[in-house]
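Open the model in your viewer and keep the selection tool at hand. The stops below go one at a time.

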Amino acid sequence: LFKAVVSTQSTGKPRTDSTSMFFSSEDMPHSTGKAQDTTISKGVVQSGDIEAFLVVKINDKEPQRYWCVLRGMVLILYAGNYDKRSKRELPILGYDVLTPQPEDKVDPVSTLKLYHRNMVPWYLTFTNDIEKDRWYEILTKAASL
């Protein structure tokens, strides 16, 4: 559990009459890999980037686990959720978000394919359907702006 102290004093210092709140690791998106809330308004992805640990396969290389962040129209891959330097970046404008076909040799139930002609496809594998559906909706909006 994590503890946060909320102060009612204008100086920002904790007081004896402050309120303590406890958060489990499930409430902390950076510690669990759960996607944060993202607002889609008028076709524009706005504040509250979506981010999660995903397994990513690029080309015929072995799939690797990355902390993935969609910031605006760029998918950014980090080695971990506290890294400041990205491993790879993919501007997704113009990409199609698809369900993989059998010839892609990935699990079509838990995977999305980012495809652009003349580019190497990227495959994103998710741990559950809810996460996959959220990413599909947001990636589709960001890729078609």
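In which strand is Thr111 found? Select it: Thr111 is in strand 10. This is a predicted model, so treat each stop as a feature of the prediction.

**Stop 1: Thr111**

Colour Thr111 by accessibility. Thr111 counts as buried because its relative accessibility is 1%, and the cut-off for buried is under 20%. Now show what surrounds the residue. Beyond its neighbours within four places in sequence, Thr111 is in contact with Pro100, Val106, Tyr123, Leu124, Thr125 and Lys132. Next, draw a distance to Val56. The two C-alpha atoms are 9.3 Å apart, while Thr111 and Val56 are separated by 55 residues in sequence.

**Stop 2: Lys132**

Follow the contact from Thr111 to Lys132. Lys132 lies in helix 2, which spans 129-143. Is Lys132 buried or exposed? Lys132 is buried, and it has no salt bridge. Select Asp129 as well. Asp129 is the nearest side chain of opposite charge, at 5.8 Å.

Now show the contacts of Lys132. Setting aside residues within four places in sequence, they are Pro108, Val109, Ser110, Thr111, Leu112 and Phe126.

**Stop 3: the salt bridge**

How many salt bridges does a search of the whole structure find? The search finds 1. Select Asp104 and Lys113 to see it. Their side chains meet at 3.2 Å, N to O. Both Asp104 and Lys113 are buried.

**Stop 4: the aromatic pairs**

Show the aromatic rings next. A search of the whole structure finds 2 aromatic pairs. Start with Phe53 and Trp67. Their rings sit edge-to-face, 4.8 Å centre to centre, with 65 degrees between the planes. The pair links distant parts of the chain: Phe53 is in strand 5 and Trp67 in strand 6, 14 residues apart. Phe53 counts as buried because its relative accessibility is 16%, below the 20% cut-off. Trp67 is also buried, at 2% relative accessible area.

Move to Phe126 and Trp135 for another pair. These rings are tilted, with 45 degrees between the planes and 6.2 Å from centre to centre. Phe126 and Trp135 are both buried.

**Stop 5: Tyr78**

Go to strand 7, residues 74-78, and pick Tyr78. Why does Tyr78 count as buried? Tyr78 has 10% relative accessibility, so it falls under the 20% cut-off. The C-alpha atoms of Tyr78 and Arg65 are separated by 9.1 Å, and the two residues are 13 apart along the chain.

Not counting residues up to four places away in sequence, Tyr78 touches Tyr66, Trp67, Val69, Arg71, Asp83, Lys84, Arg85, Ser86 and Lys87. Trp67 in that list is the partner of Phe53 in the edge-to-face pair.

**Stop 6: two loop asparagines**

Switch to backbone torsions. Asn59 has a positive phi of about 65 degrees, although it is not a glycine. Find Asn59 in the loop between strand 5 (50-58) and strand 6 (64-71). Asn59 is partly exposed, with a relative accessible area of 40%.

Now jump to Asn118. Here, too, phi is positive in a residue other than glycine, near 65 degrees. Asn118 is found in the loop between strand 10 (111-115) and strand 11 (122-125). Asn118 counts as exposed because its relative accessible area is 74%, over the 50% cut-off.

**Stop 7**

Leu145 lies in the segment after helix 2 (129-143). Leu145 is partly exposed, with a relative accessible area of 47%.

**Last view: the whole protein**

Clear the selection and show the cartoon. The protein has 2 helices and 11 strands. Along the sequence they follow the pattern β-β-α-β-β-β-β-β-β-β-β-β-α. Of the 145 residues, 33% count as buried. Among contacts between residues at least 6 apart in sequence, 33% join residues at least 24 apart. The accessible surface comes to about 9300 Å², and 51% of it belongs to carbon and sulfur atoms.

Definitions and conventions
Residues numbered from 1 in each chain as written. Predicted model: local features only at pLDDT ≥ 70, side-chain atom pairs only at ≥ 80, totals over all residues. Heavy atoms only, no water. Helix = DSSP H or I, 4+ residues; strand = E, 2+ residues; numbered from the N terminus. Buried < 20%, exposed > 50% of the residue type's maximum accessible area, 1.4 Å probe, protein only. Lys, Arg positive; Asp, Glu negative; His and termini not counted. Salt bridge = Lys/Arg side-chain N within 4 Å of Asp/Glu carboxyl O. Contact = heavy atoms within 4.5 Å. Phe/Tyr/Trp six-rings, centres within 6.5 Å; stacked < 30°, edge-to-face > 60°. Areas by Shrake-Rupley, 256 points an atom, 1.4 Å probe, with all protein chains shown as cover.
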